Amino acid sequence: MNQNLRINGERLLSRLAEMAQIGATEKGGVCRVALSDEDKVGRDLFIEWCQAANCDIAVDQIGNIFARRNGSNEDSPAILTGSHLDSQPTGGKFDGVYGVLAALEVLETLNDHDITTIHPLEIVSWTNEEGARFAPGLTGSGVYTGVFDLEEAYACVDKDGFILGEELLRIGYAGIAAPGGRSIKAALEIHIEQGPILEEEGIPIGVVHGVQGMYWYDLVFEGQEAHAGTTPMERRKDPVAAAVSVIEKIYQLNDIYAPQGRATFGDFIVEPGSRNTVPGKLTVTLDYRHPEEAVLRTVDSEVRSIVDAESETRRIKGWVDEIWYMPPVTFSAECIAAVQHAADQLGYPSREMVSGAGHDAMYLAQVAPTGMIFIPCDNGLSHNELENAQSEDLIAGGNVLLHAILELANPQVN
Ligand code: GLV
Ligand code: MN
Ligand code: MN
């Protein structure tokens with residue numbers, strides 16, 4: 001009976017556009033990094049919309065927001081759906097926020113048509129998914145699932161010395177509910193693909209079967225500060241020289257695991273950071289990803305050997321700090337099937353895929369059957385202010401989310 005049901009695409013698009021004004025950048029992107037003033041304004045607006053849609057709001061101690069729509073059987077576990085509202089510093093208008101607002105659109109569509117589901121529905125907005133300001137990312141879902149300790153997450157410090165727990169309090173989102181323990185039957189997260197596959201193949205829906213694994217490291221090189229004009233090259237203990245060789249060797253190592261291996265050196269922190277002083281210390285971040293756990297383990301030990309060997313050659317101290325390890329994840333068969341059925345029933349071409357990006361769904365999969373839906377984004381571009389997605393794809397994804405949720409929540413029509 002609900003087969004002809006469709007989301008209100010105009011409402012979804014207009015909410016996405018309104019949210020994109022919060023932290024809007026000149027190049028058309030968004031800067032709404034976790035626990036910033038902009039993050040607070042975005043959260044407030046989201047809650048206002050959820051309350052207008054008659055949802056009950058709960059905020060837990062790590063700042064995750066849950067908006068609940070009752071089911072006809074309130075003793076039954078909920079279907080959880082959502083993503084994150086925080087962005088990269090030069091982020092786009094869809095990464096994360098699409099998953100949160102598409103979830104809201106699904107609930108509002110059910111309200112509009114007076115449809116009650118047996119299982120309650122909950123929208124979630126997780127805290128600090130990106131890890132751009134406070135590393136590592138997936139903080140909210142990691143604390144929720146018990147992977148991270150709450151106190152340790154509170155103690156996380158950003159580059160400017162701001163402390164996560166204090167920033168959470170400052171923006172008014174240190175809630176009272178203990179993280180975790182909600183009764184969840186299944187969880188779905190919809191997201192832009194953030195890569196080129198769907199667009200290249202002209203397919204609107206990705207049925208996501210899993211997520212590749214990743215390591216985050218700090219590669220630290222400690223040499224000796226010295227005068228740039230007077231210190232002969234051969235007398236220097238130059239951390240930059242060591243880092244350059246290490247980076248070159250890690251790129252070569254990654255060639256062995258092409259095309260799936262991905263090595264990214266995203267940040268360089270040079271100390272003291274003066275143009276006429278040979279630096280005393282250089283920290284280089286490495287994000288390494290691959291779908292196979294065995295490859296990740298091999299790369300891990302190779303990276304450590306490369307750093308040791310090059311540091312010795314350059315007569316400096318070098319070491320590897322592991323910031324985060326996230327093994328590859330396989331999603332639940334029930335959730336994958338619900339997404340596939342929804343795409344088929346709606347007549348949207350779809351393909352199976354493995355996510356290249358990390359998502360809160362990775363942690364959630366440890367405590368509940370979980371799945372994801374992808375839609376294409378222009379030129380496969382994300383973590384970029386030019387990130388964009390086509391309206392018809394955003395709407396198609398919303399419809400797939402709606403019908404997958406209906407299947408999981410066993411709908412009843414009043
Ligand atoms: C999440 O944004 C990631 O880095 O994959
Ligand atoms: Mn995201
Ligand atoms: Mn992201």
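Me: How many positive and negative side chains does the chain have?
Reply: There are 29 positive and 62 negative side chains, and the centres of the two sets lie 6 Å apart. Lys and Arg count as positive, Asp and Glu as negative, while His and the chain ends are not counted. Each charge is placed at NZ of Lys, CZ of Arg, CG of Asp or CD of Glu.

Me: And where does all this come from?
Reply: This is a predicted model, where local features need pLDDT of at least 70 and side-chain atom pairs count only at pLDDT 80 or more, while totals for chains, interfaces and linings use all residues. Residues are numbered from 1 along each chain as its sequence is written, chains are lettered from A and ligands numbered from 1 in the order written, and side-chain values use heavy atoms, leaving out hydrogens and water.

Me: OK, metals! What coordinates the manganese ion (ligand 2)?
Reply: Its protein donors are H84 (NE2), D95 (OD) and H191 (NE2), at 2.0 to 2.3 Å. Donors here are N, O and S atoms within 2.8 Å of the metal (3.2 Å for Na, K and Ca); water is not among the atoms, so sites may look incomplete.

Me: Which residue bridges the two ions?
Reply: D95 does, and the ions lie 3.6 Å apart.

Me: Is D95 buried or exposed?
Reply: D95 counts as buried because its relative accessibility is 6%. Buried means under 20% relative accessible area, exposed over 50%, and partly exposed in between (1.4 Å probe, protein chains only). H84 is buried too, whereas H383, at 40%, counts as partly exposed.

Me: Zooming out, how many helices and strands are there?
Reply: The chain has 12 helices and 18 strands. These are DSSP runs numbered from the N terminus: helices are H or I with at least four residues, strands E with at least two.
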